[in-house]
Amino acid sequence: MRLLFILTLLAVVSPFWAQQHSPCPEIRIEAVQLPDLNIARAGHETFVVNGEYVVAGGHTHGFVPTPTAEYYKDGEWHLMQMVYTHDFGTAIVLTSGKVLLAGGTAENIGVGQTYTAELYDPVSHSFDGFGSMDSKRVNASALELDSGKVVIAGNWYHDDSIELYDGETTFSYVKDVTEQRTRPYIIRIAKDDALVIGSRDIKYEKLATTVADRLNGDTVSIPLLEKWQPIPDSHQFGTTSFIGDEAQNDYAYLIPVEDEKGQAAIMKAENGHFSLLPTASPVPMRSQLGEIQYHCNIIVDRQLRRAYLVGFDSDFRSIGEEGIHYYVLAIDYAQATDDHPAPLTLYYTDPLPFCSEPLSITPDGHLLMTGGIPGGSNFKPTSKVFLLCTGQQPVTASNGNSLWWLALILPALLLTAVVIYIIIYRKHRQPQAAEMAEAPVATDLMGRIRELMEQEQLYLNSELKIADVASALGVNRSYISESINANSGYSFSQFVNNYRIAHAQQLLRTRPGIKLSEVWTSSGFSTERTFLRTFKAITGLTPSEYKSKMN
C-alpha cells in the first residue's frame with residue numbers, strides 16, 4: 001500500500017518535474033532545397049508579399065552591388081530590374097502591400113552609404129525610384145506606425161539619427177539619437193510612438209547601454225538591458241517579431257537577448273514594458289550535435305502563435321563542404337502564463353551549405369532562407385535557397401535526449417498505478433461521515449463567495465489563493481473553483497481580478513489626482529505589468545484612457 005502511495009505521488013509530480021527539469025526536446029526537420037537564384041547574392045533582403053517569395057538587391061560575386069531582384073513563381077525564380085542596388089539596405093512590407101527599399105552601400109566591397117529609396121509593387125513586379133532619405137544610410141532598420149508613416153533609424157560608419165517617411169514621397173529628419181546604432185530594433189509602444197534599442201554601434205562594436213531613444217519624447221532607460229543585451233541581427237526586424245494586436249492597442253514583440261556569458265533568452269517588449277518571457281527550460285546553447293550560435297531576430301507565425309529563433313553550428317567557419325546544421329528554436333509563446341512557462345522545442349536539420357542571409361516565414365509556415373556568404377566571404381556569395389520545414393509535422397525524433405521519452409511515458413504508467421490504488425483503497429476503507437455529506441449547492445456557495453469578497457474585500461490581498469477562500473468558508477477548495485466556474489464562467493483568478501479592476505476603476509473615478517502606482521498596489525495587484533494587462537483585457541481601455549473618459 002505504501003508503494004502505491006509513492007507511485008501516486010510520483011504520478012502527480014512527474015509531469016511538473018518533466019516540464020521544469022527535462023531538456024528541451026530535439027527534433028529533426030526536413031530542409032527542402034528550391035531552385036537556385038539567378039544571381040548569387042548576399043546583403044540582400046528577403047520577404048514574402050502577395051503570396052510570392054522575393055529577394056531584392058545586395059551584392060554578387062566580387063562584392064559588387066547588383067540592381068536586381070527576383071520573385072519565385074511556378075517553380076522558378078524570375079529576374080527583375082531594380083532602380084538601385086540596396087546592398088545592406090533596408091526593406092519593409094507596408095500595409096499598402098507595396099515594399100519600401102531604402103539605403104545601402106554606395107560602391108563595391110561595401111563602401112559608403114546612399115540616400116536612395118524606391119517602392120516595389122508586387123502586382124506589376126515593378127520598381128519606382130521616387131525619393132531620397134534625409135540621411136544616407138547602410139544597415140538601417142524601419143518600422144511602420146499605425147498612421148502609415150515609417151520610422152527609420154540606424155547606420156554603418158556614418159552618423160545615426162531618426163527620420164520619418166510619410167508613406168508617400170517625403171522623408172524628414174526627426175531627431176539625433178543618444179546612442180548611434182547599426183541595425184537597431186525599432187518597436188512600437190503606442191499607435192504612433194516607438195523606441196529604438198540595440199547592442200552594436202555604427203562600427204559594430206558592443207554597445208552596453210540601457211538607453212532607448214524614443215520617437216516622441218525623451219530617452220528612456222530599460223533596467224533589463226543591464227544584464228541582457230539584444231542579439232545583433234544583420235537584417236530587418238520590423239513586424240516579423242510582432243505578437244501583439246493593433247486593434248487592441250497591444251504592441252508586443254519578442255526579442256532575442258544574451259548575457260555577458262553568451263546565454264540566450266527571450267525578451268518580451270509590451271507597450272514599453274520589458275521582461276524575460278518565462279520558458280519551460282533555458283534557451284539551449286548546445287544540442288546533441290554541438291554548440292549553437294543564434295544569429296537573427298525572432299520570426300513569428302501569427303496564425304499558429306508560435307515564434308522561431310534560428311541558429312547554426314557555432315564553428316561554422318571551420319566546417320568545410322560537408323555543410324552545417326541549422327537549428328530552429330520554436331517558442332510556443334501563446335501557451336505562456338504567469339504560472340506556466342512557454343514550451344520550447346529545438347529543431348535541427350541535416351548538414352546544409354552555409355546560407356546565412358535573411359529569413360522570412362512563408363504562408364504555409366515554413367522558413368525561407370536565401371543566399372548568403374559561405375565561409376564568411378562577401379566576395380563569393382551563394383545562390384542556394386532552402387525551406388526549413390517548420391510548418392509540417394516533425395519528421396524524425398532525436399535520440400539525443402534519452403530521458404525525454406521517459407518524461408512522457410512515466411506519467412501514463414504511474415497514472416495506471418493510481419487507478420489501481422484508488423480501486424483497492426476504496427474497496428477496503430470505510431467512508432467517513434464527513435465524506436458522506438453532500439457537496440454544498442453551487443448557487444448557495446456562490447452567494448457566500450460573493451458575500452465574502454464584497455464584505456471582507458479579500459481580493460485586495462495580492463497573494464490571495466483559492467485555498468484562503470476555501471478555508472474562510474470551511475469547504476473543499478475544489479467546490480470553490482467549480483462554483484465560480486459554473487456560475488460566472490470565470491476561473492478563480494479571473495473572478496478575483498474582476499473585483500480588483502472594479503476597485504481600481506472606483507479609485508480612478510473618485511480620486512482624480514491618484515498616482516497609477518497607488519492604484520494597482522491598492523487594488524490587490526502584485527505588479528504594474530499584470531495590472532495594466534488585466535485592466536485592458538477587462539475594460540478595453542488603458543487606465544489613462546479610462547481616466548480621460550471620466551473627465
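This is a predicted model: local features need pLDDT of at least 70, side-chain atom pairs count only at pLDDT 80 or more; totals for chains, interfaces and linings use all residues.
Residues are numbered from 1 along each chain as its sequence is written, and side-chain values use heavy atoms, with hydrogens and water left out.

A search of the whole structure returns 16 salt bridges, a salt bridge being a side-chain nitrogen of Lys or Arg within 4 Å of a carboxyl oxygen of Asp or Glu. Arg28 takes part in a salt bridge with Glu30, at 3.4 Å from N to O, and in another with Asp350, at 3.0 Å from N to O. Because Arg28 lies in strand 1 (residues 26–28) and Asp350 in the loop between strand 30 (344–348) and strand 31 (359–361), the latter pair ties together parts that are 322 residues apart in sequence; helices (H or I, at least four residues) and strands (E, at least two) are DSSP runs, numbered from the N terminus. Arg28 is buried, with a relative accessible area of 16%, whereas Glu30, at 30%, is partly exposed, and Asp350 is likewise partly exposed, at 37%. Here buried means under 20% relative accessible area, exposed over 50%, and partly exposed in between (1.4 Å probe, protein chains only).

A further salt bridge joins Glu45 to Arg183, with the closest N and O atoms 3.0 Å apart. Glu45 belongs to strand 3 (residues 45–49) and Arg183 to the loop between strand 16 (171–176) and strand 17 (185–190), so the pair ties together parts that are 138 residues apart in sequence. Glu45 is buried at 4% relative accessibility, and Arg183 is buried at 6%. Elsewhere, Asp146, Arg188, Glu246 and Arg302 are linked in a network of salt bridges.

The buried residues of helix 7 include Phe492, Phe495, Tyr499, Arg500, His503 and Leu508.

Thr542 is located in the loop between helix 9 (528–539) and helix 10 (543–550), and is partly exposed, with a relative accessible area of 25%. Apart from neighbours within four places in sequence, Thr542 is in contact with Phe535 and Lys536, contact meaning heavy atoms within 4.5 Å. Thr542 and Leu532, ten residues apart in sequence, are separated by 6.8 Å in space, C-alpha to C-alpha.
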